[in-house]
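This briefing is meant to be read with the sequence and the 3D view open side by side. Please find each named residue in the view as you go.

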Amino acid sequence: MSQNRREPLQQVKHRRDAVLRALAGGIPYAQYLGITFDRRGDELTAVLAYDDKLIGNPMLPALHGGVTAAFLEVTAIVGLSWSYIWEDMESGVLPLEEVEAGALPRLPKTIDFTVDYLRSGLPRDSYARAKVTRSGRRYASVHAEAWQDNRDRPHAQAAGHFLMPTRG
């Protein structure tokens with residue numbers, strides 16, 4: 001798409017939403033857990049809607065640690081993918097027809113992922129955001145935080161390193 005031509009806002013929003021749906025839809029476990037993404041401009045917030053199947057310790061009750069880790073990892077992968085796909089999506093290099101057909105670049109692969117459990121995840125909705133701290137052609141670092149009622153009181157945080165897919 002030419003930078004000189006103005007694209008209607010609805011078309012831009014539609015393309016961004018289609019890319020986000022394709023990214024999140026490419027992770028079956030995220031679908032199983034019920035992870036969705038709320039998009040505001042270029043900022044993504046992952047949402048883990050509460051479900052009884054997410055409880056690890058019914059005596060407390062508390063979210064399962066593996067669910068929390070998976071939630072943070074999915075948030076990091078989708079956030080990283082969103083950041084490196086942004087330019088192609090905005091310029092129109094990534095055509096909407098291809099996105100809707102599922103032709104997105106491959107997702108980054110996890111090299112390592114470390115989770116800090118700061119407090120028990122309560123039986124309610126959780127939210128998470130990822131921040132790319134380093135992004136190169138071959139390697140990227142991402143920090144993610146998950147919270148429930150108060151963003152200033154995260155219940156878990158994570159740091160991960162990812163192998164970037166080859167562009168081409």
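Ala49 sits in the loop that runs between β2 and β3 (55-57). The model shown here is a predicted one.

- Ala49 counts as partly exposed because its relative accessibility is 36%, and the cut-offs are under 20% for buried and over 50% for exposed.
- Setting aside neighbours within four places in sequence, Ala49 is in contact with Gly34, Leu54 and Asp125.
- Ala49 and Arg21 are 28 residues apart along the chain, and 17 Å separates their C-alpha atoms.

**Salt bridges**

- How many salt bridges does the structure hold? There are four, and three of them are described here, starting with Asp17 and Arg39.
- In the salt bridge between Asp17 and Arg39, the closest N and O atoms are 2.9 Å apart. This pair links distant parts of the chain, with Asp17 in helix α1 (residues 9-25) and Arg39 in strand β1 (residues 35-40), 22 residues apart.
- Are Asp17 and Arg39 buried or partly exposed? Asp17 is partly exposed because its relative accessibility is 31%, whereas Arg39 is buried because its value is 14%.
- Glu43 forms a salt bridge with Arg129, and their closest N and O atoms lie 3.4 Å apart. Arg129 belongs to strand β6 (residues 126-135) and Glu43 to strand β2 (residues 43-48), so this pair ties together parts that are 86 residues apart in sequence.
- Glu43 has a relative accessible area of 39%, so Glu43 is partly exposed.
- Arg124 and Asp149 meet through their side chains in a salt bridge, with an N to O distance of 2.4 Å. Here too the pair links distant parts of the chain: Asp149 is in the loop between β7 (139-147) and β8 (156-163), and Arg124 is in the loop between β5 (109-117) and β6, 25 residues apart.
- Asp149 is exposed because its relative accessible area is 62%, while Arg124 is partly exposed at 34%.

**Arg16 in helix α1**

- Arg16 is found in helix α1, and Arg16 is buried because its relative accessible area is 15%.
- Not counting residues up to four places away in sequence, Arg16 touches Arg39, Gly41, Trp82, Trp86, Met89 and Glu90. One of these, Arg39, is also the salt-bridge partner of Asp17.

**The nonpolar core**

- In soluble globular proteins, nonpolar side chains tend to be buried together.
- The largest nonpolar core in this model has 43 residues, and those with the most contacts inside it are Val19, Ile35, Phe37, Leu72 and Val78.
- At least two residues of this core come from each of α1, α2 (28-33), β1, β2, α3 (65-91), α4 (96-100), β7 and β8.
- Which element gives the most to this core? It is α3, with 14 residues.
- Leaving aside neighbours within four places in sequence, Val19 is in contact with Trp82, Ile85, Met89, Leu94, Val99 and Leu104.

**Pockets**

- The largest pocket has a volume of about 380 Å³.
- Its lining has 20 residues, and Leu44, Arg129, Ala130, Lys131 and Val132 lie nearest the centre of the pocket. Arg129 is also the salt-bridge partner of Glu43.
- β2, α3, β6 and β7 each supply at least two residues of the lining of the largest pocket.
- Sorted by class, the lining of the largest pocket has nine nonpolar, five polar and six charged residues.
- The second largest pocket has a volume of about 210 Å³.
- The lining of the second largest pocket is made up of Tyr84, Ser135, Gly136, Arg137, Arg138, Leu163, Met164, Pro165, Thr166 and Arg167. By class, four of these are nonpolar, three polar and three charged.

**A cis peptide bond**

- Most residues other than glycine have a negative phi, and most peptide bonds are trans.
- The bond that joins Leu60 and Pro61 is a cis peptide bond, with omega at about -20°.
- Where is Pro61 found? Pro61 is in the loop between β3 and β4 (62-63).

Key
Residues are numbered from 1 along each chain as its sequence is written. This is a predicted model: local features need pLDDT of at least 70, side-chain atom pairs count only at pLDDT 80 or more; totals for chains, interfaces and linings use all residues. Side-chain values use heavy atoms; hydrogens and water are left out. Helices (H or I, at least four residues) and strands (E, at least two) are DSSP runs, numbered from the N terminus. Buried means under 20% relative accessible area, exposed over 50%, partly exposed in between (1.4 Å probe, protein chains only). A nonpolar core is a set of buried Ala, Val, Leu, Ile, Met, Phe, Trp, Tyr and Cys residues joined through side-chain atoms within 4.5 Å. Contact means heavy atoms within 4.5 Å. On a 1 Å grid over the protein atoms alone, a cavity is a set of points where a 1.4 Å probe fits but cannot get out, and a pocket is an open set with protein on both sides within 12 Å along at least five of seven lines; lining residues have an atom within 4 Å of a point. Grid points are joined across faces, edges and corners, and a volume is the space filled by probe spheres set on the points. Ala, Val, Leu, Ile, Met, Phe, Trp, Tyr, Cys and Pro count as nonpolar, Asp, Glu, Lys and Arg as charged, and the others, Gly among them, as polar.
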